[in-house]
Amino acid sequence: KIHEDTKVDLAVYANEHNRPYVKPFLLIIARDTERADALKAKIDSDDFNGGAYKGKVLVVHSNQKETELDENVALLLEVEKPTNPIEVVIHVNMLAEGWDVNNLYTIIPLKAARTDILVEQSIGRGLRLPYGAHTGVDAIDRLNIVAHDKFNEIVDTAQKEGFSFQQR
């Protein structure tokens with residue numbers, strides 16, 4: 001629901017402000033490779049949201065064969081392009097430093113991060129601004145985190161340092 005609402009908000013913003021459309025994606029941090037594959041199977045099925053995400057889910061983890069992993073990483077590196085069909089990225093300990101994106105709008109951590117740095121990296125990816133500056137429109141400038149305790153601790157620390165977050 002959050003992701004679908006974000007897509008609508010971005011389309012409306014782009015249309016009303018004569019700006020290019022930013023295709024958002026959702027990042028799920030899975031606890032292990034088996035769970036990541038099971039999540040993909042569920043989200044990529046006809047039974048999930050009427051099949052709306054068939055062919056739009058990408059899994060990246062270390063148990064993938066080299067060819068599959070290479071193909072998935074290539075899709076991942078182009079996830080910002082509107083022509084790239086991927087809307088949901090599921091990963092297990094694969095996305096550390098060096099992956100910069102401007103269209104991550106929702107993070108769903110399904111496992112506790114082992115270090116604060118991993119949490120900060122995940123949040124930091126979603127805090128990049130797709131239009132290069134704050135737009136003044138909450139829905140466009142917002143990162144949605146479906147949080148667990150560790151993420152809440154990091155958000156609390158960021159708020160103390162002057163960052164603004166809304167909890168829903």
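Modeller: Strand β1 and strand β3 (residues 88–91) pair in the parallel sense over four bridges; strands are DSSP runs of E of at least two residues, helices runs of H or I of at least four, numbered from the N terminus, and pairing requires at least two DSSP bridges. This is a predicted model: local features need pLDDT of at least 70, side-chain atom pairs count only at pLDDT 80 or more, and totals for chains, interfaces and linings use all residues. Residues are numbered from 1 along each chain as its sequence is written, and side-chain values use heavy atoms, without hydrogens and water.

Colleague: Which residue stands opposite Ile29 in β3?

Modeller: That is His91. β1 is also joined to strand β4 (residues 104–109) by five bridges, again parallel, and there Leu27 has Ile107 as its bridge partner.

Colleague: Why is β1 described as largely enclosed?

Modeller: Five of the five residues of β1 (residues 25–29) are buried, so the rest of the structure largely encloses the strand. Buried means under 20% relative accessible area, exposed over 50%, and partly exposed in between (1.4 Å probe, protein chains only). Phe25, Leu27 and Ile29 cover one side, with Leu26 and Ile28 on the other.

Colleague: Turning to charge, which helix gives the most to the negative patch?

Modeller: Helix α3 does, with four residues. α2 (33–43) and α3 (66–77) each supply at least two.

Colleague: And where is Glu68 placed?

Modeller: Glu68 lies in helix α3, and counts as partly exposed because its relative accessibility is 39%.
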